[in-house]
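Subject: Structure for you to look at

Hello,

Here is the structure I said I would pass on. Please open it and keep it beside this email as you read.

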Amino acid sequence: MQSGPRHPPRAGRNGFVAVILAMTTLPAIACRSDLPAAGSAPVAAAEPRAVVGGITESEVADHVAFLASDRLAGRATPSPGLEAAARYVAAEFAGAGLEPAPGRELLQWYALPGGGAANRAPNAVGVLRGADPDLRDTFVVFTAHMDHVGIGAPDASGDSIYNGADDDASGTAALIEIAEAFAAVPERPARSVAFVAVSGEELGLFGSRAFIEHGGIAVERMVADVNIDMIGRNSPDSVVAIGMAYSDLGARLARIVETRPELGLTVVDDPWPEERFFFRSDHYNFAAAGIPALFLFAGVHEDYHRPSDQAERIDAGKIARVAGAAFLLGLAVANDREPPGWTAAGRSAVRPPSR
Ligand SMILES: [Zn+2]
């Protein structure tokens with residue numbers, strides 16, 4: 001998530017953080033009553049219970065632990081840590097059997113503003129080809145940004161690595177798990193699905209723009225973007241759908257979540273319109289290109305853009321459940337002959353070009 005130039009979300013400025021804190025509830029304490037009594041036979045470790053589509057909290061936690069480790073040094077664009085993140089995501093996509101976008105590799109390098117051959121950054125893009133001869137050349141797109149802000153001013157403890165565990169290792173972990181869930185569906189969806197881990201978000205949404213302009217998939221063939229940025233903190237039982245009223249993606253997500261109580265989620269419409277979050281992450285580039293977009297988000301917090309945005313503060317179970325909901329939304333859209341559309345509210349707020 002980019003800092004807001006006009007409304008930086010700082011504590012105490014406008015009560016914004018107080019709203020977030022009020023929304024936060026304590027995580028449930030794990031029940032220990034299922035531990036074996038002393039002297040009984042040891043119990044084999046249980047298989048981790050999947051949310052939906054094989055998505056588990058432990059896999060999410062592993063992805064976040066790697067991406068937000070000090071070793072990746074905050075994944076600035078460009079940096080060796082960002083490249084390591086991109087290679088990790090591309091390897092996960094390859095392992096799930098995803099293909100590159102037409103005419104491209106899984107790692108898509110693009111030039112950053114300012115020129116110079118070394119001034120470039122990677123996106124990691126994997127595609128699952130659809131099955132329907134009429135619909136397989138259209139794409140449902142999932143996005144999350146791998147990059148964060150790197151190394152900066154140290155905090156009071158002397159920590160200068162801005163790990164970006166929530167922003168946006170949380171969304172990147174979800175993206176990997178959603179891709180694996182799609183790859184495991186026995187029957188391929190009708191439309192194709194593109195999984196796009198971008199970089200350059202914090203600098204100015206550069207990677208998503210590069211993907212839209214020359215990622216190997218024509219804009220006219222993209223029917224929706226579901227963007228996931230900062231879903232690992234705050235209220236464990238809700239997810240905010242920014243842009244919910246702007247297209248029919250929001251109502252569709254709410255219906256899906258209502259019928260899947262195992263997700264333990266409710267979908268909340270944008271409680272912070274004054275923050276203009278719809279205009280501050282990668283889905284905005286898709287919306288501005290005319291593609292209906294929805295942004296899954298859980299709000300900022302006291303560690304936002306600070307060295308303390310670290311893996312141990314992340315609610316991996318929440319990420320897994322939000323990823324499950326996003327997977328079900330994408331699957332429904334990928335199997336619907338009718339593509340998502342803008343609402344009147346979306347047309348007036350976003351003014352997307354007609355397609
Ligand atoms: Zn950010």
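This is a predicted model: local features need pLDDT of at least 70, side-chain atom pairs count only at pLDDT 80 or more; totals for chains, interfaces and linings use all residues.

Residues are numbered from 1 along each chain as its sequence is written.

The protein has ten helices and eight strands. These are DSSP runs, numbered from the N terminus: helices are H or I with at least four residues, strands are E with at least two. Of the 355 residues, 50% are buried; a residue is buried if 20 or more other C-beta atoms, placed from the backbone, lie within 10 Å of its own.

The sheet

The eight strands form an open sheet with mixed pairing, in the order β1-β2-β4-β3-β5-β8-β6-β7. (Two strands pair if DSSP finds at least two bridges between them.) β1 (107-111) and β7 are at the edges with a single partner strand each, so one side of each has no neighbour in the sheet. On average, neighbouring strands are turned by 25° against each other, direction ignored.

Seven bridges pair β3 (residues 139-145) with β4 (residues 192-198) in the parallel sense. In this pair, T143 stands opposite V196 in β4. β6 (residues 238-242) and β7 (residues 266-269) also run parallel, joined by four bridges, and V239 stands opposite V267 in β7. Four of the five residues of β6 are buried.

The helices

Helix α3 (residues 80-95) packs on the sheet and touches β1, β2 (120-128) and β4. Contact here means that the C-beta atoms of two residues, placed from the backbone, lie within 7 Å. Helix α7 (residues 248-258) lies across β5 (222-228), β6, β7 and β8 (293-297), at about 155° to β7. Axes are lines fitted to C-alpha atoms, for helices over the stretch in contact, and angles run from 0 to 180 degrees between N-to-C directions.

How do α4 and α9 cross? The axes of α4 (residues 165-183) and α9 (residues 316-334) come within 9 Å and cross at roughly 50°. That makes α4 oblique to α9, since angles under 35 degrees count as roughly parallel, over 145 as roughly antiparallel, 65 to 115 as roughly perpendicular and the rest as oblique. Among the residues that meet are A173, A174 and I178 in α4 and V322, A323 and F327 in α9.

Regards

Definitions and conventions: A residue is buried if 20 or more other C-beta atoms lie within 10 Å of its own, exposed if 12 or fewer, and partly exposed in between; C-beta atoms are placed from the backbone.
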